[in-house]
Amino acid sequence: MPDVFYNAMVLREPYSGVEVTVHQLACGLAEHGSLPLCVCAPASHRPLPAAPHLRLRTARIGSTRLARILWEQTVLPVILRRSRAPLLHAPAYVAPLAAPCPTVLTVHDLHALTHPEFCSRLNRLHYSALVPPSIRQAAAVIVFSQHTRRIVADRFPSARDRLVVIPPGLSPALTPCADGARLQAVRERYALPPDFLLFVGDLTRRKNILGLIRAHAILQAKRPDLHLVLAGAAEPAATAAIDEAAQGQSIRHRVCRIGYVADEDLSALYSLAQALVFPSHDEGFGLPPLEAMACGCPVVCSGGAPLENCGDAAVACDPDSPASIAEAAGLLLDQPDFRKKKIERGQKTAAAFTWERAARQTEAVYRAILGHHPLHNLTPER
């Protein structure tokens, strides 16, 4: 049988949530799949496990998004045709419109369509033009949560019967860190304060960082030594807005931006935090809350997909109310028994999200499409 193709050309450092899931699913398919698979990736990418059924095809296409888009829409269809590929998985929103074979599409969210105010102009143009036709032509559309499934089904009713919910997994390296030397090394590497609340993710408007800063100002009134650590990449405009907001709340000296955190430091970072606070306005899934729970860090998060995933293991907050965010975080800071219960529930909840499960369910979608079988029995129960 010819190779199923997996388009991982989106993999560019530093990895955000999309890149993490694209890479980790490729690793999961290598370790737990059995169908012959060809992964298309840029020449510079994080390594994949060796497997007898896995073939890697690399390409040098330049570092710009436009170069990748052009390669996916023009060169990839030619490669698929010449390889007689029976199936293409496009795991990052968009598939080549001229694909000569059936496609499986992963849609992480529809932010560019439902919340364009939170997206850059380039994102709006790219995804508005290519996501709708990609969804309409796909033989199957994988989404990570029931929340996203409802949004996609409402926006594209004709795709309802082709939607399959397959949650991503968590890295097995994400476990509570009790190694004092490692914890101290991470604390020194990022100049972390003794006591802090943590946010992990891109520091964009959609993540509600300014609302989180206002909530932290409320908490500061009773906890003057508590800091807020923001871990993630930020554009210069976002950095300026964050600094201005912190200065306006008179807590500039208590808000720390530490930039992108290496994967190998994440478990120690989560283990050092008093809590992860994730009051995002909208998420297709939201990995950081589950990552934190896996590391024994209690979580505050807003509704939608993150709360759907975390259930009662997290403390819910209203992202539009700084007072609600502050109150939810205060419960974890002030009530040790409550905090302990949330940590225990969180670790049990996070344990259900594995890349082995995600890879096996994804390959089941491939087999259904290749065998012309219905998809309706493939959505996992949650």
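These are my notebook entries on a predicted model of a protein.

**Ground rules.** I number residues from 1 along each chain as its sequence is written, and I leave hydrogens and water out of side-chain values, which use heavy atoms.

**Overall form.** I looked up the secondary structure and found 14 helices and 13 strands; these are DSSP runs numbered from the N terminus, with helices (H or I) of at least four residues and strands (E) of at least two. The radius of gyration is 21 Å, close to the 21 Å from the globule rule for 382 residues, so the protein is as compact as a globular protein of that length. That radius is taken over C-alpha atoms, and the rule is 2.2 Å times the number of residues to the power 0.38. I noted a C-alpha trace spanning about 65 × 40 × 40 Å along its principal axes.

**Aromatic rings.** Which rings pair up? I searched the whole structure and got four aromatic pairs. For one of them, Phe-144 and Phe-285, the ring centres are 6.1 Å apart and the planes stand at 80 degrees, so I call the pair edge-to-face. My cut-offs for Phe, Tyr and Trp (its six-membered ring) are centres within 6.5 Å, with planes under 30 degrees apart stacked, over 60 edge-to-face and the rest tilted. Phe-144 sits in the loop between strand E6 (140-143) and helix H5 (146-155), and Phe-285 in the loop between strand E11 (275-278) and helix H10 (287-294), 141 residues apart.

Phe-285 also pairs edge-to-face with Phe-353, at 6.0 Å centre to centre and 65 degrees between the planes. Phe-353 lies in the loop between helix H13 (336-350) and helix H14 (355-370), so this pair ties together parts 68 residues apart in sequence. I see that Phe-144 and Phe-285 are buried, and that Phe-353 is buried too. Ring pairs link Phe-144, Phe-285 and Phe-353 into a cluster.

**A look at Ala-231.** Is Ala-231 buried or exposed? I find it buried, with a relative accessible area of 4%, in strand E9 (residues 227-231). Leaving out residues up to four places away in sequence, Ala-231 touches several residues, among them Leu-198, Val-200, Ile-258 and Leu-269 (contact means heavy atoms within 4.5 Å). Tyr-260 is 29 residues from Ala-231 in sequence but 6.0 Å away in space, C-alpha to C-alpha.

Terms used
Predicted model: local features only at pLDDT ≥ 70, side-chain atom pairs only at ≥ 80, totals over all residues. Buried < 20%, exposed > 50% of the residue type's maximum accessible area, 1.4 Å probe, protein only.
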